[in-house]
Amino acid sequence: MKEKIDLALVKIDQSPALEQEDKSAIMEKIEEWRDEDAAISELTLALEEWWLNVQPIFEEIGLV
């Protein structure tokens with residue numbers, strides 16, 4: 001799982017679809033949770049919530 005988290009951090013950092021301040025906030029939260037096995041589900045929920053907020057925007061511009 002930690003390897004997947006590392007890959008997610010790289011992908012987030014390289015994503016042109018995210019503003020730098022969003023990248024920083026997301027990556028900071030992931031780093032906080034990285035070594036807490038119980039926090040993986042918390043991370044998943046936070047990312048799902050974030051996605052629900054931005055998904056309509058991506059759909060509107062045809063990226064989803």
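Residues are numbered from 1 along each chain as its sequence is written, and side-chain values use heavy atoms, with hydrogens and water left out. Because the model is predicted, local features need pLDDT of at least 70 and side-chain atom pairs pLDDT 80 or more, while totals for chains, interfaces and linings use all residues.

**Exercise 1. Find how many helices and strands the protein has.**

Step 1: Helices are DSSP runs of H or I with at least four residues, strands are E runs of at least two, and both are numbered from the N terminus.
Step 2: The count comes to 3 helices and 0 strands.
Step 3: Along the sequence this reads α-α-α.
Step 4: For the overall extent, the C-alpha atoms fill a box of roughly 35 × 20 × 20 Å along the principal axes.

**Exercise 2. Work out which residues of H1 are buried and which are exposed on the other side.**

Step 1: Buried means under 20% relative accessible area, exposed over 50%, and partly exposed in between, using a 1.4 Å probe and protein chains only.
Step 2: In H1, the buried residues include Ile 5, Leu 9 and Ile 12.
Step 3: These three cover an arc of only 70° around the axis, so they sit on the same side of H1; the arc is taken from the directions from the helix axis to the C-beta atoms.
Step 4: Glu 3, Lys 4, Lys 11 and Gln 14 are exposed on the other side of H1.
Step 5: Over the protein's 64 residues, 23% count as buried.

**Exercise 3. Identify the aromatic pair and decide how its rings are arranged.**

Step 1: Rings of Phe, Tyr and Trp (its six-membered ring) pair if their centres lie within 6.5 Å; planes under 30 degrees apart are stacked, over 60 edge-to-face, and the rest tilted.
Step 2: The whole structure holds 1 aromatic pair.
Step 3: The ring centres of Trp 51 and Phe 58 are 5.5 Å apart with planes at 20°, so the pair is stacked.
Step 4: Trp 51 is partly exposed at 32% relative accessibility, whereas Phe 58 is buried at 14%.

**Exercise 4. Compare the span of H1 with the expected one.**

Step 1: The expected span is 1.5 Å times one less than the number of residues.
Step 2: H1 has 13 residues, and 18 Å is expected.
Step 3: From first C-alpha to last, H1 reaches 19 Å, close to that value.
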